[in-house]
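Trainee: Could we go through this structure together? I would like to begin with the pocket and then move to the packing.

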Amino acid sequence: MKIQNQLGYIKGITFAPFHKRGSLSTQTARDSFDYMIEHTAADFVILAPAGLQEHAHSEEICYTSSATFSDEELINMIRYAKSKGIRVALKPTVNCKNGVWRAYISFFEKDVPCEPKWENWFASYTEFQTHYAQIAEAEQCDLFIAGCEMVMTEHRSEEWRNVIAAIRNYYHGPVSYNTDKYQEENVTWWDCVDMISSSGYYPIDQWEQELDRIERVVQKFKKPFFFAEAGCMSRKGSSMVPNNWANQGALRLEEQPDWYRAMFEACAKRSWVNGFAMWEWAPVLPSRSTAARDTSYEICNKPVQEVIKDYYGRDERK
């Protein structure tokens, strides 16, 4: 199944997600970026400025504090990436200050006096998204991703359609939305975006069945698809539950490349999978000794780095 995709194949990595103000403005960050491109063969980067709300039922999203990199440094990093020939996507993403996963953001379905409301939250969310849509337009970003893993909001189809429409008032390139793993068929408004994307954190032995399921969604909406996130930790057991960042397994560096190989092998059989954006790459390079002890999703200077470079470097994936 071939579906026209104006972006072509995406060999991506998410760079410095949710880092604080000042994290993109250093030579250290630029050095890390250069190293990432050289050692992974990536040609696409996702930058994910963070919006913060107090908890899962707060109505207000803040994206101007020191917890979020500044517009100036974001713009400079976009320009730096483009000067290197790298395509750029913006993915403004909401997180909760108290650590609750954004998928749990929700409100009463019926408005109740003195309780937080969907209407107020979506107004704040739209302001957050359109702020970055204007930057994406001005800097000619290649893709805009209207948020990530907002599972308990996704049934609000009308509000999401309004968010996408508001983004299009400012940004005139392709628009996507990054749903969570297992949620692809639950989003009813894929028709209003240009590209379907999701978080590909599937167990190492279940890729074929999950791709079969996602393929039915792609066929229904006839939209191009890519994994806007994908990754596994270097911890024992992570390959079976790669979405579980709280897994306390012991260091096992090979757990990560084994999982990536399984994902690449399964996805290579599906012509409708138009690429990936791996999770994640930090704005500071770790030493090889530090990387050898790292159990997180980080890629740099770990065995998985070579697996990604091998796959991204193949001529047939260009």
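Trainee: By class, how many nonpolar, polar and charged residues does the lining of the largest pocket have?

Mentor: The lining has nine nonpolar, three polar and six charged residues. Here Ala, Val, Leu, Ile, Met, Phe, Trp, Tyr, Cys and Pro count as nonpolar, Asp, Glu, Lys and Arg as charged, and the others, Gly among them, as polar. Please note that this is a predicted model, in which local features need pLDDT of at least 70, side-chain atom pairs count only at pLDDT 80 or more, and totals for chains, interfaces and linings use all residues. Residues are numbered from 1 along each chain as its sequence is written, and side-chain values use heavy atoms, with hydrogens and water left out.

Trainee: Which residues lie nearest the centre of the largest pocket?

Mentor: F18, R102, W245, W279 and Y297 do, out of 18 lining residues. A pocket is an open set of points on a 1 Å grid over the protein atoms alone, where a 1.4 Å probe fits, with protein on both sides within 12 Å along at least five of seven lines; lining residues have an atom within 4 Å of a point. The space in this pocket is about 430 Å³, a volume being the space filled by probe spheres set on the points, which are joined across faces, edges and corners.

Trainee: Which strands each supply at least two residues of that lining?

Mentor: Strand 5 (93-96) and strand 10 (273-281) do. Strands (E, at least two residues) and helices (H or I, at least four) are DSSP runs, numbered from the N terminus.

Trainee: What joins W279 and E280?

Mentor: A cis peptide bond, with omega about 10 degrees. E280 belongs to strand 10.

Trainee: And F18, where is that found?

Mentor: F18 is in the loop between strand 1 (10-15) and helix 1 (27-40). Its phi is positive, about 65 degrees, although F18 is not a glycine. F18 is partly exposed because its relative accessible area is 25%; buried means under 20%, exposed over 50%, and partly exposed in between (1.4 Å probe, protein chains only).

Trainee: Turning to packing, which residues have the most contacts inside the largest nonpolar core?

Mentor: F276 and M278, in a core of 85 residues. Helix 3 (residues 118-138) gives the largest share of this core, nine residues. Apart from it lies another core, of eleven residues, including L7 and L143. A nonpolar core is a set of buried Ala, Val, Leu, Ile, Met, Phe, Trp, Tyr and Cys residues joined through side-chain atoms within 4.5 Å.

Trainee: Is A89 buried or exposed?

Mentor: A89 is buried, because its relative accessible area is 0%. A89 sits in strand 4 (residues 87-90). Not counting residues up to four places away in sequence, A89 touches F44, V45, I46, L47, L143 and I145, where contact means heavy atoms within 4.5 Å.

Trainee: Now the polar side. What does the side chain of D194 make with the side chain of R168?

Mentor: A polar contact, at 3.0 Å. The term means a pair of N or O atoms within 3.5 Å; within protein, one must be able to donate a hydrogen and the other to accept it, and residues adjacent in sequence count only if both atoms are side-chain atoms. D194 lies in the loop between strand 7 (175-179) and strand 8 (195-200).

Trainee: Which side chain does D142 join through a polar contact?

Mentor: That of K82, at 3.1 Å. D142 is in the loop between helix 3 and strand 6 (143-148).
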